[in-house]
Amino acid sequence: MSIESALRELGKEIQKDERFIALQAAAKANDGDEKLQQQMQEMQLLSLKYQQEAEKGEEASQERIAELQEEYQKLYAEIMEGENMQKYSAAASEMEQMAQYISGMIGLFFDGQDAETCELPQDNCTHDCCTCGGCH
């Protein structure tokens, strides 16, 4: 089996995984949530207004910038408190953990570890030796 074939098989397995399915369902629920979509548009507009004000340089109103930041943070908090967004965030976190696991295992393979028996260390090894406290 070629590396590309193995990757495609991995992709198929990822897409069958309950975590992937949950993320897709949560994304679909977010897409169908009219209130959330309106809030997201409002966030984009606030971000654009902020950028426009900040681009004025020295002429920018620091009061207006602070006001826009406050509105943005308030809206962000409101969005994140929504049931659909909480479900999405939880599902995305699960997928991120899967991605980190896959990346970690691939790192072990690149380090020459036995693909049949190697396991990730329990101390959350990043495979970036500058962060290492010693696991081997």
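Is Lys 16 buried or exposed? Lys 16 is exposed, with a relative accessible area of 57%, where buried means under 20% relative accessible area, exposed over 50% and partly exposed in between (1.4 Å probe, protein chains only). The model is predicted, so local features need pLDDT of at least 70 and side-chain atom pairs count only at pLDDT 80 or more, while totals for chains, interfaces and linings use all residues. Residues are numbered from 1 along each chain as its sequence is written, and side-chain values use heavy atoms, with hydrogens and water left out.

**View 1. Glu 13 and Lys 16 form a salt bridge.** A salt bridge is a side-chain nitrogen of Lys or Arg within 4 Å of a carboxyl oxygen of Asp or Glu. Here the N to O distance is 3.0 Å. Both residues belong to helix H1 (residues 3-16) and lie three residues apart, about one turn of the helix. Helices (H or I, at least four residues) are DSSP runs, numbered from the N terminus. Glu 13 is partly exposed, at 44% relative accessibility. Side chains of opposite charge can pair when their charged atoms come close.

**View 2. Asp 17 and Arg 19 are joined by a salt bridge.** The N to O distance between these side chains is 2.8 Å. Arg 19 counts as partly exposed, at 30% relative accessibility. The structure holds seven salt bridges.

**View 3. Arg 64 and Glu 67 meet in a salt bridge.** Their side chains are 2.4 Å apart, N to O. The two residues are three residues apart in helix H4, and therefore about one helical turn separates them. Glu 67 is partly exposed at 37% relative accessibility, and Arg 64 is partly exposed with a relative accessible area of 27%.

View 4. The buried residues of H3 are Leu 36, Gln 39, Met 43, Leu 46 and Glu 53. The face turned away from the buried side carries the exposed residues Glu 34, Gln 41 and Gln 44.

**View 5. Asp 33 caps the N-terminal end of H3.** A side-chain oxygen of Asp 33 lies 3.2 Å from the backbone nitrogen of Lys 35.

Key:
Polar contact = N/O pair within 3.5 Å; in protein donor to acceptor, adjacent residues only side chain to side chain.
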